[in-house]
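Please keep the sequence and the three-dimensional view at hand while reading.

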Amino acid sequence: MSRKVSIFCVFLVSKSVYNDDQASAPCSFTDTAMNTIKPSGMVLPKKMQDWAERTYNKAATFIRTISIAQQDDENDPEAISAQVQASDDYFFEQFAPKPPTAAENAIVDTSQLTIVKLSINENRETLHDLYVEALYTIVHKVGKSSQIPEINLIKYAQAAFQIDDFWHQKLMDKARKEKPPVVLLNVHLLEARDLIAKDINGFSDPFAMMGVVPGNRRRGALAAAGEEDTSDEEEPPASPNNVNKEQHPKPAGMLHRFSGSFRRKIGSKKGAKTENKAIPAKFIKASSVQKKTLNPKWNEKFQFIVEDVNTDKYHIDLWDHDDEEQSVIDAVTSLNEISGIKNLGRYFKEVTQSARAGSTDLVDDFLGLVTIRIKDIPSTGLEDWFTLGQRSEKSEVSGQVRLRLWLSTKEERISQQDDELLDVKQHIELIRQFALQEIRITGSPVSMFQGKLPDVALTILHQHAIQGDLTELHQIMCQWLAYSAMINIGISFAFLHDILKKLIDKWAPLQLEKSEDDMLAESFSVFVDHCKRVIESHQRTINTEKRIQLLSFENMIQCLHLLYESEVYSKCVPFRRSLKSEVEALLVQGARNEFKEYAKQLENDEFPAVELYSLLQALVTSCKKFSQFDPIFKENLGIESGALIYAEYDRLVHEYICSEMMSEKKGDLKTKLMSIPEDEATLVTILKVHFAINEFREFRQPKLKYKMDSLDWDLSFDRVIGKWIDIARNKAFARVDLACQLDAQIQISGSEIRQTSSYVDVCHIIEQMVTLWERTNVKNIGLRAELTEKLVNCICKVTEFYVDRVMAQVAADGFCGQLQPFLPPALINIFCAAINNAEQVRRSLAINDKLHLDILSDKYEKIVGKEAVFKKNVERDLDTCEKFVSEQIDSAVDRMVRRQMTQLKKHVFHLAWSPGACPVEQALKPLTDMLDAELSAVHRTLLHRNFVRVMHCQVGILLQLLHDCVNENEGLEPTFYQRLGDAWSILMDFFHADGKGITMETFGQIPAHVDLMRKLSINQMTTIKLIEQYYKDLLQEQNDVTECKYGILNVRAYYNANSQNLVIDVIGAKQIIPLDSNGLSDPFVVIELVPRVRYPNQPTAKTKVVSKTLNPIFDETFDFHIPPKIPPSAMVHFVVMDHDFLRSNDFAGEAFLDLKEVPGFGTAGVSNTLRQFNLVLIHPQHNYQEAMAVLESRKDDKDAQDFVKSLSITY
């Protein structure tokens, strides 16, 4: 069967093509198909013709739906849109801002550079010399440092310098053969505290004697003399924590000979062997004497040569000075001149004045001692409070001494002629080499490096600083010199800022040599020159789209500002201008250079208008960077950079235009701009110039005057804009037509919504036209209002034209006339795509804000002095167009939904007449299943707004059917209507769909829903409830009256609970309406208790007739015997009538008194006093026909019929 259909369809298509080739006039598909099977001169019967037409229509629809549903990949929506845009040489797109040029994208981002080649010097010999220095530093480590093995340090250095094994071994041998450095111990004697008092005044005069005790001397001396170390004295503590005697070995070397201090032991054994060799007394130095204090402060520095770091010790004695005749310095000088142990003891006694002749006890002025092994001193130095130790058990000591000790070296391998800055320069190169190594290993951009070096590199640098006697200031200076030289490869300015801040904080005058200050000054000059070049060219060289480049530039400005504000820079680089003035000059010069470069690149003598546009476009692109750079200059330097640069741009552009306008060349700028363009190309170019000038002017500062203000081109540009709209209209219609011809399905990833490419093209046209209009600046306010109306009219016409084309195509595809209940999925997809396209275009009409109508109308009324009628016209056109599109969509949706009207009626009938025992949900299931199936077929393929439209249409039809059901079944039991009400509530929840469908607020705004709910509510009421509601509504209407049009009735009332009597006193009435020809009335009052169904046995009372008055006085009392419990809506009904003798009485007004308000009932309390009520007379405005109609329809209900009859009684 499918093969036959395929052959039949192919036959029809081929024959159609054949006929099209034969005939010049177009013919329909049906006519063509009929001609293929009808012989010439043959007349087919009418029924056969109708059948054939229906068959061919179905076949045509089938072919098209299949072709659309199974489009080939060649129908790419993007390619189609590109083809549509190219059809008119991109008429609308050519005004859009151009993307960044290749030159802008090619800006080198130094922050992303990585390191490939590590050599910092192309000279291999220089690199080898630096490597030897690193090896020499490693081999000759000093001080107690990290536990990193020496082999690891050497391996890291070899990797950092990229030295092969051959050269490594050769350079290592060279480093080992060089003379080792001389190790120096630096001692900073700071202070002491809590010393013992030795003088009678309760104080002491403390001074210190100190030196380096060479440990290898003692072992050598003992070996030469053939003695053993028999000393039983223990070494004093080496630190405040080492105070336990049992933890220390016995003293060695010179300490033994000095009995643990710098003095000979008293009472040594006679005949003992003595050392005849020279004693190292040159190691002993003394401090100044601090008079009368137990907490002396010296702040004195000493330096000693260390012969053996592993065995030598530092020793210090504190003494109380008592010899006023000889100074300590003189005594120590004498001590350093001796060469024998006897003379040493004699001069030491002179220094210390410690021994007391003729005394067997050791009584002296010794204050304490400290001994520290040299090898225990960290490479970073040591500063601490050290507890003073005893010289012997009899020594009385207390307190602590504060010392700072560090090691350094003096390299005797360096000759006097060598560079005095060699250590500093080598340290700089080592830092840089290790930094490059770390950057290479990580593979990250140079800007990511923040100075973090591994422990091995830090250890080598630390040892090099110690051996080169580089202070902390020197080391920070070297870091600055090393890293600031790497700015050309993208080192982070934030990192440089941190180093510079450390340098500034650490620097102080006279702490560096002049040559070192000169090095700093040179590095500062190089850095400042680099920053100046960057600032001057920042508009061209920095890509503001890359946040990292902006951040780097801001860090550079901060670094430069920090440098200029520092004392070190003012000392190193004197006689300089302020940073603000220098930067301002750089910004202006940079603007000039940039303008000259653009003018040279964009020169076009043949087309001066194109040259001007390109130049302005380049400047606008540059000005767009102001928003990124302005905060940087403002916050850090207080400079309005954008204003400075723009002012210079403005001056240069004005000079350029004036020069071009004075040119007399053929095709000059003046001729092009001042004449009305005849060709489209010239019009487009002038319009581009207009847009570029407007964009350029957007960057001006308010309330400032600019050179460009003197140019008067507005009239020329205004004429061009009006002409452009005319051309754009024709271009837009042509594009819409082509877009519909090339229409193709759009497949959005992750979405099943049906749309085609044509809506994209139409929305794009509208967007481009509005965007271009926003960029225009028509100076003549009246002309701008006129052109705005013209533009909107053009957009609306284009929209209506497109929607007509879309709906006509849907109809041609078979979506027209009376649709069958079942539609093929392909046709449903065509329907969904059509209304989705229309909805998307409708949304694109929301352009009021972009047109700035409020602002324009205010200016128009202020300048022109007339009402802004154009605004109403524009809003009317947009509303009319939007309404037209919505109506087209609603019409298509209505046709789609109404095809199932027959089934919907059947299901509503089933619901209404299903047995009462059947649950409402079950009775509704066939209907909800059908609705769900219908909605499920489109809910994924429709836009939400259109899907809700389908639901709205279904709701409207169901409301109509339910209305009809109620109207056709009047007077039934309330349960019938209750069932319909429950069913509709369930359907409301179905369409609400948990908030995804129609909102409950929207239901309240549907008139048919409100009417149905009111009608169902009334029909569900019992007869008594209806009657009570009737009177309740009348009472409410009386209470809502705001004016007395029909007069006031004065009555008094109270209820006597004991006698169960309701007393009503009718006093009188005022200002009742005249109903007789004499302008007066003959009023009387009828009193009754209502509802009558609640008080069936109560009589109706009447007052007397008061003739010819509008303010009658009745003064009559009436009693009603009723129980104290009042029913709902119970009240007294007063009817004022006009008495006529010859005809029926006339109605003058009525009033109601709620029994709840009467004293003695309910909340009114118990009272025997009449309470007066002034009741406003009313003529009911509402006939309450619905309630009456319901009551009338209940033919079998006696109460209902009696009530209806009672209303017709006349008094």
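Across which strands does helix H40 lie? Helix H40 (residues 1023-1039) lies across S13, S16 and S17, and runs at about 100° to S17. Axes here are lines fitted to C-alpha atoms, for helices over the stretch in contact, and angles run from 0 to 180 degrees between N-to-C directions.

**Basis of the model**

This is a predicted model, in which local features need pLDDT of at least 70 and side-chain atom pairs count only at pLDDT 80 or more, while totals for chains, interfaces and linings use all residues. Residues are numbered from 1 along each chain as its sequence is written, and side-chain values use heavy atoms, with hydrogens and water left out. The pLDDT is the predictor's confidence in each residue, from 0 to 100.

The mean pLDDT of the protein chain is 81, and 79% of its residues reach 70 or more. Over residues 218-282 the pLDDT is below 50, although this stretch has 116 contacts in the model beyond near neighbours in sequence. Residues 338-363 also have pLDDT below 50, with 53 contacts beyond near neighbours in sequence. Where pLDDT is low, the predicted coordinates should not be read in detail.

**The chain as a whole**

The protein chain has 42 helices and 18 strands; helices (H or I, at least four residues) and strands (E, at least two) are DSSP runs, numbered from the N terminus. Of the 1211 residues of the protein chain, 49% count as buried. Buried means under 20% relative accessible area, exposed over 50%, and partly exposed in between (1.4 Å probe, protein chains only). Contact means heavy atoms within 4.5 Å. Among contacts in the protein chain with a separation of 6 or more, 76% join residues 24 or more positions apart.

**Strands and their pairing**

Two strands pair if DSSP finds at least two bridges between them. Another open sheet of four strands has the order S14-S13-S16-S17, and its pairing is antiparallel. Its edge strands are S14 (1101-1102) and S17, each of which pairs on one side only.

| Strand | Partner | Bridges |
|---|---|---|
| S2 (residues 206-213) | S3 | two bridges |
| S13 (residues 1083-1090) | S14 | two bridges |
| S11 (residues 1048-1056) | S12 | nine bridges |
| S12 | S15 (residues 1113-1121) | seven bridges |

Individual residues mark these pairings. Methionine 210 has lysine 285 in S3 as its bridge partner, and isoleucine 1087 has alanine 1101 in S14. Arginine 1052 stands opposite aspartate 1065 in S12, while valine 1066 stands opposite glutamate 1116 in S15. Seven of the 10 residues of S12 are buried, so S12 is largely enclosed by the rest of the structure. The hairpin of S11 and S12 has four residues between the strands, and glutamine 1060 in this hairpin takes a positive phi near 55°.

**Two loop residues in contact**

Aspartate 1082 is in the loop between strand S12 (1061-1070) and S13. With a relative accessible area of 11%, aspartate 1082 is buried. Its C-alpha atom is 6.2 Å from that of valine 1105, which is 23 residues away in sequence. Not counting residues up to four places away in sequence, aspartate 1082 touches several residues, including Val1105, Met1137 and His1139.

Histidine 1139 is in the loop between strand S16 (1131-1138) and strand S17 (1146-1154). Histidine 1139 counts as partly exposed, at 23% relative accessibility. Leaving aside neighbours within four places in sequence, histidine 1139 is in contact with Asp1082, Phe1084, Val1105 and Asn1145. The C-alpha atoms of histidine 1139 and valine 1106 are separated by 9.0 Å, and these residues are 33 apart along the chain.

**A pair of helices**

Two packed helices are described by the angle between their axes and the distance between the axes. The axes of helix H29 (residues 781-812) and helix H33 (residues 869-898) come within 9 Å and cross at roughly 5°. That makes H29 roughly parallel to H33; angles under 35 degrees count as roughly parallel, over 145 as roughly antiparallel, 65 to 115 as roughly perpendicular and the rest as oblique. Residues of H29, among them Val792, Cys796 and Val803, meet residues of H33 that include Leu878, Cys881 and Val885. By class, the contact of H29 with H33 has 12 nonpolar, five polar and four charged residues. Ala, Val, Leu, Ile, Met, Phe, Trp, Tyr, Cys and Pro count as nonpolar, Asp, Glu, Lys and Arg as charged, and the others, Gly among them, as polar.
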